[in-house]
Amino acid sequence: MTAKITHDDLLGFADRAVNLPRDVATEKRKQINTLRDRLSDHIAANPGFSLVKMLHAGSVAKGTALLTVNDFDVAVYVRRDEAPVEEAALLDWIAERLRAAYRGLIDPSQIEPGTHCVNVQFKGSGTEVDVVPVLYEGDADDRGYLVASDGTQLLTSVRLHLDFVRARKNACEHHWAQVVRLVKWWAREQKIRAPDGAFRCKSFMVELLCAHLLDRGLIVFDDYVTALDGFFDYVVRTELTERVAFTDCYSFGELPGGRIGEIEIFDPVNPTNNVARGYDAADRKRIVDAASEALDAITEARYATTKAQAVECWQVVLGDRFRGQ
Ligand SMILES: Nc1ncnc2c1ncn2[C@@H]1O[C@H](COP(=O)(O)OP(=O)(O)OP(=O)(O)O)[C@@H](O)[C@H]1O
Ligand SMILES: [Mg+2]
């Protein structure tokens, strides 16, 4: 029996509805580079300025952004010994320094401290940038304490994360990042369907799971039907109880001896940082159940007798906008 929905259908959908178009990504990166360059000029002209540098850290930098992306994450490195300890004071302090650095480029009213980051808005394009603080003590690999979205401080390096992602993109050109974006799209659909933010599945977790599947040769990436089937099968089979970790920056012996989380997906930079920290049994179950539903739908699509039926099955996975080709 010939498959009703093929790799080409998924590729067409990805290009039409999932991926951030290349020219938009380039334009956004340019805006963020302007912020970075202006800051480094200001730092050069003002020795002793407490901000050290800026790095573009989010999905637009990694090439894994969705069309629907609305936050552009940058990390601003600040000298730890000069920065206020308390978070609200820290964010006010950073906002004030960014206003000084961007005088003439961005109106001071468009730089506002938020809950765990400073928000910078470009007027014309409406681009919103989340500036996340990293408390820095001069580490050569740009390790520092990142203020996470829940306010906790995590020792990590967004620069090494970019290297980590680039290595997987090089090992599996186009396909690895495309499968990441399709899985992120699936997760986004689940978030929309679930009431009150009940479904959680962080983008960085999706990237790390896909990196694990690539590194171990557990799934095939160059056919997107097979890849998604393989991804969901992995989640259902392991129920996300298998420890996921990488040896790019440390050895497995440095990982914690006992379990430290309901889901364990370790930061490739810091063996004590579980990226799935804060996910409980119910969160894990929701991800596994949704993956199981997706897997069933993909299987059913294979046996569909009409294209319309197969499209309907795939809509369970990718949402109503999926129409096949
Ligand atoms: N728990 C964490 N530990 C260490 N670093 C993290 C953690 N969460 C996020 N990061 C850093 O922040 C970056 C952005 O990750 P995040 O999951 O917030 O979204 P994203 O990749 O920008 O995706 P999108 O915005 O499209 O959902 C990661 O690449 C990583 O460098
Ligand atoms: Mg982001």
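Around ligand 1 there are 19 residues, of which Ser59, Lys62, His161, Lys184 and Ser203 come nearest, a residue being near a molecule if one of its heavy atoms lies within 4 Å of it. This is a predicted model, in which local features need pLDDT of at least 70 and side-chain atom pairs count only at pLDDT 80 or more, whereas totals for chains, interfaces and linings use all residues. Residues are numbered from 1 along each chain as its sequence is written, chains are lettered from A and ligands numbered from 1 in the order in which they are written, and side-chain values use heavy atoms, with hydrogens and water left out.

| Residue | Atom of the residue | Atom of ligand 1 | Distance |
|---|---|---|---|
| Aspartate 73 | side-chain N or O | oxygen | 2.9 Å |
| Serine 203 | polar side-chain atom | oxygen | 2.5 Å |
| Phenylalanine 204 | polar backbone atom | oxygen | 3.1 Å |

Two packed helices are described by the angle between their axes and the distance between the axes. Helices here are DSSP runs (H or I, at least four residues) numbered from the N terminus, and their axes are lines fitted to C-alpha atoms over the stretch in contact, with angles running from 0 to 180 degrees between N-to-C directions.

Helix 5 (residues 158–171) and helix 7 (residues 203–215) have axes that come within 11 Å and cross at roughly 45 degrees. Helix 5 and helix 7 are therefore oblique to each other; angles under 35 degrees count as roughly parallel, over 145 as roughly antiparallel, 65 to 115 as roughly perpendicular and the rest as oblique. In their contact (heavy atoms within 4.5 Å), His161, Phe164, Val165, Arg168 and Ala171 of helix 5 meet Phe204, Glu207, Leu208, Ala211, Leu214 and Asp215 of helix 7.

For helix 8 (residues 224–238) and helix 9, the axes come within 8 Å and cross at roughly 140 degrees, and the two helices are therefore oblique to each other. Their contact involves Val225, Leu228, Asp229, Phe232, Asp233, Val235 and Val236 of helix 8, together with Ile287, Val288, Ala291, Ser292, Ala294, Leu295, Ile298 and Arg302 of helix 9.

Helix 9 (residues 281–302) also packs with helix 10 (residues 307–318), at an angle of about 165 degrees and with the axes 8 Å apart, which makes helix 9 roughly antiparallel to helix 10. On the side of helix 9 this contact is made by Glu293, Ala294, Ala297, Ile298, Glu300 and Ala301, and on the side of helix 10 by Ala310, Cys313, Trp314, Val316 and Val317.

Conventions: A polar contact is a pair of N or O atoms within 3.5 Å; within protein, one must be able to donate a hydrogen and the other to accept it, and residues adjacent in sequence count only if both atoms are side-chain atoms.
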